[in-house]
Amino acid sequence: MGGGPLARLEARVVLEELTRTVSPSYEIDQDGIRRTSHGNVRRMIRLLTAVTPA
């Protein structure tokens, strides 16, 4: 495995571990969202989120 699939797997593991350590509530700063798009690929380049430790 390499490249894109590996990066997606790593991101999934990190997000699963993060969600285990914070409370279910979180806040997203709507003004802090930054998006970009290139052709048919759209993504967020910044998503400011506040979480509370569980």
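Helices (H or I, at least four residues) and strands (E, at least two) are DSSP runs, numbered from the N terminus.

**Entry: ground rules**

I am looking at a predicted model, where local features need pLDDT of at least 70, side-chain atom pairs count only at pLDDT 80 or more, and totals for chains, interfaces and linings use all residues. Residues are numbered from 1 along each chain as its sequence is written, and side-chain values use heavy atoms, with hydrogens and water left out.

I started with Ser-25, which I found in strand S1 (residues 22-28). Ser-25 is partly exposed, at a relative accessible area of 45%. For that I used these cut-offs: buried means under 20% relative accessible area, exposed over 50%, and partly exposed in between (1.4 Å probe, protein chains only). I also looked up how far Ser-25 lies from Ala-11: the two are 14 residues apart in sequence, and their C-alpha atoms are 21 Å apart in space.

Ser-23 sits in strand S1 as well. Is Ser-23 buried or exposed? Its relative accessibility is 17%, so I noted Ser-23 as buried. Leaving aside neighbours within four places in sequence, I found Ser-23 in contact with Thr-52, Pro-53 and Ala-54. Contact here means heavy atoms within 4.5 Å.

**Entry: salt bridges**

How many salt bridges does a search of the whole structure find? I wrote down two. A salt bridge is a side-chain nitrogen of Lys or Arg within 4 Å of a carboxyl oxygen of Asp or Glu.

Arg-12 is exposed at 57% relative accessibility, while Glu-16 is partly exposed at 33%.

Another salt bridge links Arg-20 to Glu-17, and its closest N and O atoms are 2.4 Å apart. Arg-20 and Glu-17 are three residues apart in helix H1, so I again noted a separation of about one helical turn. Arg-20 is exposed, with a relative accessible area of 57%, and Glu-17 is partly exposed, with 42%.

**Entry: Thr-36**

Next I turned to Thr-36, in strand S2 (residues 34-38). Its side chain makes a polar contact with the side chain of His-38, at 3.4 Å. A polar contact is a pair of N or O atoms within 3.5 Å; within protein, one must be able to donate a hydrogen and the other to accept it, and residues adjacent in sequence count only if both atoms are side-chain atoms. Not counting residues up to four places away in sequence, Thr-36 touches Val-41, Arg-42, Arg-43 and Ile-45.

**Entry: Arg-46**

I found Arg-46 in strand S3, partly exposed at 35% relative accessibility. Which residues does Arg-46 contact, leaving aside neighbours within four places in sequence? They are Gly-32, Ile-33 and Arg-34. The C-alpha atoms of Arg-46 and Arg-34 are 5.0 Å apart, although the residues are twelve apart along the chain. A polar atom of the Arg-46 side chain also lies 3.0 Å from the backbone oxygen of Gly-32.

**Entry: Leu-47**

Leu-47 lies in the loop between strand S3 (41-46) and S4. I noted Leu-47 as partly exposed, at 40% relative accessibility. Beyond residues up to four places away in sequence, Leu-47 touches Ile-28 and Ile-33. Leu-47 and Thr-19 are 28 residues apart in sequence and 16 Å apart in space, C-alpha to C-alpha.

**Entry: the largest pocket**

Last, I looked up the largest pocket. On a 1 Å grid over the protein atoms alone, a pocket is an open set of points where a 1.4 Å probe fits, with protein on both sides within 12 Å along at least five of seven lines; lining residues have an atom within 4 Å of a point.

The lining of the largest pocket has 13 residues, and Leu-15, Leu-18, Thr-19, Leu-47 and Thr-49 lie nearest its centre. H1, S1 and strand S4 (49-53) are the elements that give two or more residues to this lining. Which of them gives the most? I noted S1, with six residues.
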